[in-house]
Amino acid sequence: MLDILSKCLIKLAKGETNTLDAFMDETNSLGIFLRAAREQTSLSLRAVEKRSGVSNAYLSQLESGKIKQPSPNILHKLSAVYEVPYTD
């Protein structure tokens, strides 16, 4: 799962897409990948909030699919917490 998330983040960072099509090409939802990445690191939403500075409410909305297009800045912060490479 983390490998797919990493590939998707790289596509988005390289400007290969200006939407979340990169994520949708690989799976049904960005939220699924973010939740899997968080669970892989055994972190709670509050722990990710503390480490990334992204509110747990926002994280929850990302994981549930309510927010479909987070900023590259948010994705960069999350990739650092989840230890997934992000290419600027």
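**Entry 1. Helices α4 and α5**

I looked up how helix α4 (residues 45-52) meets helix α5 (residues 56-64) in this predicted model. Their axes come within 9 Å and cross at roughly 115°. Axes here are lines fitted to C-alpha atoms, for helices over the stretch in contact, and angles run from 0 to 180 degrees between N-to-C directions. Two packed helices are described by the angle between their axes and the distance between the axes, which is why I wrote down both values.

I noted that the crossing of α4 and α5 is right-handed. A crossing is left-handed if the near helix is turned anticlockwise from the far one by less than a right angle, and right-handed if clockwise.

Which residues make the contact? On the α4 side I found L45, R46, V48 and E49, and on the α5 side N56, L59, S60 and E63. Contact means heavy atoms within 4.5 Å. I sorted these residues into three nonpolar, two polar and three charged. For this sorting, Ala, Val, Leu, Ile, Met, Phe, Trp, Tyr, Cys and Pro count as nonpolar, Asp, Glu, Lys and Arg as charged, and the others, Gly among them, as polar.

**Entry 2. Ground rules and confidence**

I number residues from 1 along each chain as its sequence is written, and side-chain values use heavy atoms, with hydrogens and water left out. As this is a predicted model, local features need pLDDT of at least 70 and side-chain atom pairs count only at pLDDT 80 or more, while totals for chains, interfaces and linings use all residues.

I checked pLDDT, the predictor's confidence in each residue, from 0 to 100. The chain averages 80, and 69% of the residues score at least 70. Where pLDDT is low, the predicted coordinates should not be read in detail.

**Entry 3. The whole chain**

I counted six helices and zero strands. Along the sequence the pattern reads α-α-α-α-α-α. Helices (H or I, at least four residues) and strands (E, at least two) are DSSP runs, numbered from the N terminus.

Buried residues make up 42% of the 88 residues. Buried means under 20% relative accessible area, exposed over 50%, and partly exposed in between (1.4 Å probe, protein chains only). Of the contacts with a separation of 6 or more, I found that 52% come from residues 24 or more positions apart.

**Entry 4. Salt bridges**

How many salt bridges are there? I found two, taking a salt bridge as a side-chain nitrogen of Lys or Arg within 4 Å of a carboxyl oxygen of Asp or Glu.

One joins the side chains of R35 and E63 at 3.1 Å, N to O. R35 lies in helix α3 (residues 30-40) and E63 in helix α5, so this pair ties together parts 28 residues apart in sequence.

R38 is buried, with a relative accessible area of 11%. Through shared partners, the salt bridges join R35, R38 and E63 into one network.

I looked up S79 in helix α6 (residues 72-81). S79 is buried, at 5% relative accessibility. S79 and L34 are 45 residues apart in sequence, and their C-alpha atoms are 9.3 Å apart in space.

Is A80 buried or exposed? A80, also placed in α6, counts as exposed at 54% relative accessibility. From A80 to S52 I read 28 residues in sequence and 8.1 Å in space, C-alpha to C-alpha.

**Entry 5. Positive phi**

Most residues other than glycine have a negative phi, and most peptide bonds are trans. I noted two residues with a positive value. S42, which is not glycine, has a phi near 60°. I found S42 in the loop between α3 and α4, exposed with a relative accessible area of 65%. E83 has a positive phi of about 60° although it is not a glycine either. E83 sits in the segment after α6 and is exposed, at 68%.
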